[in-house]
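Hi,

Here is the structure I promised to pass on.

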Amino acid sequence: MKVKKIFLISFFSILINGFIFPVNDISLIDKTKTNGMSLYWDSLSECGILEKNGHQLSFRNGENIVLLDSIRMMTTEGPELKNNQIYVSHKFLSDAEEFFNQKSEVPFKVGAILIDAGHGGKDPGALKTYKVNGKDVTIREKDINLRVAKMLYERLHAAYPQKQIILTRSSDVFLSLGERTDIANNVKVGENEAVLFISIHVNSSLNKSSSGYEVWYLSPGYRRTVLDKSSFSGDKNLFEIMNVMLEEEYTTESIMIAKFIMDGLQAQIGKESSPRGIRAEEWFVVKNSNMPAVLIELGFVSNQKEALLLNDEKYLKKATLGIYNGITAFVTHFERSQGFTAVK
């Protein structure tokens with residue numbers, strides 16, 4: 001996957017701003033309530049996104065460089081975190097408003113949704129055998145994953161005929177985690193189009209009472225390279241800063257996808273299973289993907305009641321509908337706001 005050329009604005013002013021100490025006396029949270037901006041903040045990485053009029057401005061605590069619509073950079077007076085509140089200067093707000101008032105030329109879209117059915121072939125994943133009507137029934141994770149992935153594919157394909165809806169596997173075949181990631185990172189989309197990575201799994205535990213569904217995203221503490229150095233046209237010293245800011249946008253989007261999917265699942269299967277929450281982890285299948293990505297655990301095959309639900313077609317259809325509703329809610333938000341990331 002190649003990243004579009006990044007245009008730097010006022011590079012030499014970075015050196016100047018490095019010696020300026022802005023007066024950050026305006027609460028950004030209070031300001032967003034009065035001027036129509038939306039604020040997304042990650043306290044762990046101390047990075048945030050401001051959104052207004054279809055534009056996004058990404059910033060980081062103490063940094064004079066901000067990222068505009070993921071395609072260019074600008075220098076301004078850096079925000080400051082004080083007493084767990086974000087404070088900015090008048091110049092920061094003035095620069096932000098000037099940017100937000102620009103007209104958008106090309107709309108941001110989700111160009112492709114990749115659905116990854118975990119395990120497969122020689123790798124069954126979690127499995128458990130139970131007595132059902134006097135017969136032994138073995139419930140395998142790989143089968144559940146594939147059934148849900150194919151149903152999700154059908155729904156998304158019908159809803160978005162102009163988008164690429166891709167299955168990493170459509171049959172009972174084995175794919176290594178590296179192969180799955182390669183498929184994701186080699187999806188070709190158009191300018192200002194993003195790719196979403198959705199991985200379907202089922203859980204297991206030594207504790208037979210463990211139950212419920214959860215959605216995982218890549219831990220913000222895990223550092224990865226999401227920019228291609230060969231396509232970076234700016235100063236090489238700024239590569240790391242740019243990479244971190246774009247990476248944080250992927251994390252923010254992944255958290256939002258996870259929340260939408262959790263809400264969708266709870267609406268569909270919340271009476272039969274319980275939500276275990278949104279969690280962060282360094283899953284290999286998503287940690288090397290250069291895009292927003294989540295991993296869904298639909299339930300526990302080690303819990304007999306839940307395993308039998310996961311083996312029921314009607315239940316899986318409801319769970320699939322929950323995932324579908326979550327994805328479509330995110331796509332609607334992403335395209336209405338003109339997206340957080342712009343890659344191709």
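Let's start with S3 and S4, which pair in the antiparallel sense over five bridges. One point to find on screen is Ser38, which stands opposite Glu51 in S4. The hairpin made by S3 and S4 has four residues between the strands, and there Glu46 takes a positive phi near 55 degrees.

Before I go further, please keep in mind that this is a predicted model.

S4 also pairs with S5, again in the antiparallel sense, over six bridges. Glu51 turns up here too, with Gln56 as its bridge partner in S5. The hairpin of S4 and S5 has two residues between the strands, and Asn53 is the residue that takes a positive phi near 55 degrees.

So how enclosed is S4 by the rest of the structure? Six of its six residues are buried, so S4 is largely enclosed. In a regular strand the side chains alternate between the two faces of the sheet. In S4, Cys47, Ile49 and Glu51 are on one side, Gly48, Leu50 and Lys52 are on the other, and both faces are covered. Note that Glu51 and Lys52 are among the buried residues.

H2 spans residues 28-35, and Leu28, Thr32 and Asn35 are its buried residues. Looking down the axis of H2, you will see these buried residues fall within an arc of 85 degrees, so they line one face of the helix. The face turned away from that buried side carries Lys33 and Thr34, which are exposed. What covers the buried residues of H2? The cover includes strands S2 (26-27), S3 (38-42), S4 (47-52), S5 (55-60) and S9 (85-88), plus helix H3 (90-100). Just after H2, Gly36 takes a positive phi of about 80 degrees.

There are two open sheets I'd like you to look at. S2 and S9 are joined by two bridges in the antiparallel sense, and Ser27 stands opposite Tyr87 in S9. Tyr87 has another feature: the charged end of Lys82 sits over its ring, 4.7 Å from the centre.

The other open sheet has six strands in the order S13-S10-S14-S17-S15-S16, and its pairing is mixed. S13 (164-167) and S16 (275-281) stand at the edges with a single partner strand each, so one side of each is left without a neighbour in the sheet. On average, neighbouring strands of this sheet are turned by 20 degrees against each other, direction ignored. S10 (residues 109-117) and S13 run parallel and are joined by four bridges, with Ile113 opposite Ile165 in S13. Helix H9 lies across S10, S14 (193-203) and S17 (293-300), and runs at about 155 degrees to S10.

On to the aromatics. The count comes to five aromatic pairs. In one of them, the ring centres of Phe99 and Phe100 are 5.6 Å apart and the planes are at 45 degrees, so the pair is tilted. Both Phe99 and Phe100 are buried. Phe330 and Phe334 make a tilted pair too, with 5.8 Å from centre to centre and 40 degrees between the planes. What separates Phe330 from Phe334 along H9 (residues 313-336)? Because they are four residues apart in the helix, the separation is about one helical turn. Phe330 and Phe334 are both buried as well.

Trp41, Phe59 and Phe92 form one aromatic cluster. One more ring to check is that of Phe174, where the charged end of Lys122 sits over the ring, 4.6 Å from its centre.

Finally, the overall picture. The protein has nine helices and 17 strands, and 54% of its 344 residues count as buried. Of the contacts with a separation of 6 or more, 75% are between residues 24 or more positions apart.

Cheers

Technical notes: Residues are numbered from 1 along each chain as its sequence is written. This is a predicted model: local features need pLDDT of at least 70, side-chain atom pairs count only at pLDDT 80 or more; totals for chains, interfaces and linings use all residues. Side-chain values use heavy atoms; hydrogens and water are left out. Buried means under 20% relative accessible area, exposed over 50%, partly exposed in between (1.4 Å probe, protein chains only). The arc is that of the directions from the helix axis to the C-beta atoms. Contact means heavy atoms within 4.5 Å. Rings of Phe, Tyr and Trp (its six-membered ring) pair if their centres lie within 6.5 Å; planes under 30 degrees apart count as stacked, over 60 as edge-to-face and the rest as tilted. A charge sits over a ring if NZ of Lys or CZ of Arg is within 6 Å of the ring centre and within 35 degrees of the ring normal. Two strands pair if DSSP finds at least two bridges between them. Axes are lines fitted to C-alpha atoms, for helices over the stretch in contact, and angles run from 0 to 180 degrees between N-to-C directions.
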